[in-house]
Amino acid sequence: GLPRRTRSSVRAEPLHVDSNDGCVAPHLLVGDLPAVKRAQLWRCFRDLLPSSPLAAAALVNLHACDKQYARVKELLETAEAFHHACALLKRHEPDAIYDVACGHGMLAMLLAHRYPQANVVAVDRVVRPAFEAHARAWRRACQDFARTESVSAGVDENADSHDEGEIDDEIDGEIDGEVDGEIDGE
């Protein structure tokens, strides 16, 4: 037979949620994770695009607004696929990227953000509700980022200025607040 699938190359401790040899159940949602594991997952997505907090912000938005589409296994598989795609694309900057059978579309959205010069096309037989949920989460993250960028550029003179580091701190605050809140609530 085929060799067993190896563990993800993403740098985080494995999720031992089910007793199926360390596998993550397909139905497991981000909200079902213990707070510490949820914080690890958010940090993993923050680290996918080290120069931008948008991946983590999109995950936070997805978890907040469309919980049923924040499935842990899909998110981890997407992170692994993103690492593999970036390794393959390291040698040249692509003009076009096609994500065929894109499903929820998170990989295409990550690649579009990582390679802004490329025309990224996500293709599937049908537009899935999960795709729409992920797209909404990315739009909200981008809008939040654009709003804080315009504030730091002086567009809104009455608002506090923020920079990308402060957005990252806000995501860390969300992570830390979630961990602290759930630990205290036990």
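A residue is called buried here when its relative accessible area is under 20%, exposed when it is over 50%, and partly exposed in between, using a 1.4 Å probe and protein chains only. Asn61, with a relative accessible area of 12%, is therefore buried. The model is a predicted one, in which local features need pLDDT of at least 70 and side-chain atom pairs count only at pLDDT 80 or more, while totals for chains, interfaces and linings use all residues. Residues are numbered from 1 along each chain as its sequence is written, and side-chain values use heavy atoms, with hydrogens and water left out.

The chain has 186 residues, of which 39% count as buried. Its secondary structure consists of six helices and two strands; these are DSSP runs numbered from the N terminus, with helices (H or I) of at least four residues and strands (E) of at least two. In sequence order the pattern is α-α-α-β-α-β-α-α. A contact is a pair with heavy atoms within 4.5 Å. Of the contacts between residues at least 6 apart in sequence, 65% join residues at least 24 apart.

Asn61 lies in helix H2. Setting aside residues up to four places away in sequence, Asn61 touches Asp66, Ala137, Arg140, Ala141 and Asp144. Ala137 is 76 residues from Asn61 along the chain, yet their C-alpha atoms are separated by 5.1 Å.

The next topic is the core. A nonpolar core is a set of buried Ala, Val, Leu, Ile, Met, Phe, Trp, Tyr and Cys residues joined through side-chain atoms within 4.5 Å. The largest one in this model has 42 residues, and Val30, Phe45, Phe82, Leu110 and Trp138 have the most contacts inside it. Two or more residues of this core come from each of helix H1 (35–48), helix H2 (54–65), helix H3 (72–89), helix H4 (106–114) and helix H5 (129–152). In soluble globular proteins, nonpolar side chains tend to be buried together.

Helix packing can be followed pair by pair. Axes are lines fitted to C-alpha atoms, for helices over the stretch in contact, and angles between N-to-C directions run from 0 to 180 degrees. Angles under 35 degrees count as roughly parallel, over 145 as roughly antiparallel, 65 to 115 as roughly perpendicular, and the rest as oblique. In the H1 and H2 pair, the axes are 7 Å apart and the angle is about 140 degrees. H1 is therefore oblique to H2. Arg38, Leu41, Trp42, Phe45 and Arg46 of H1 make this contact with Ala55, Ala56, Leu59, Val60 and His63 of H2. By class, the H1 and H2 contact has seven nonpolar, one polar and two charged residues, where Ala, Val, Leu, Ile, Met, Phe, Trp, Tyr, Cys and Pro count as nonpolar, Asp, Glu, Lys and Arg as charged, and the others, Gly among them, as polar.

H1 also packs against H3, at an angle of about 25 degrees and with the axes 11 Å apart. H1 is therefore roughly parallel to H3. Their crossing is left-handed, meaning that the near helix is turned anticlockwise from the far one by less than a right angle, with clockwise giving right-handed. The residues in contact are Leu41, Cys44, Phe45 and Leu48 of H1 and Leu75, Leu76, Ala79, Phe82 and His83 of H3. Eight of these are nonpolar, one is polar and none is charged.

H3 in turn meets H4, with axes that come within 9 Å and cross at roughly 40 degrees. H3 and H4 are therefore oblique to each other, and their crossing is right-handed. On the H3 side the contact involves Leu75, Thr78, Ala81, Phe82, Ala85 and Cys86, and on the H4 side Met106, Leu107, Leu110, Leu111 and Arg114. These divide into nine nonpolar, one polar and one charged.

Leu75 of helix H3 is buried, with a relative accessible area of 1%. Beyond its neighbours within four places in sequence, Leu75 is in contact with Val30, Leu41, Phe45, Leu59, Ala70, Met106 and His134. The C-alpha atoms of Leu75 and His104, 29 residues apart along the chain, are separated by 9.7 Å.

Ala101 is in the loop between strand E1 (96–100) and H4. Ala101 counts as exposed, at 58% relative accessibility. The phi of Ala101 is near 60 degrees, a positive value in a residue other than glycine.
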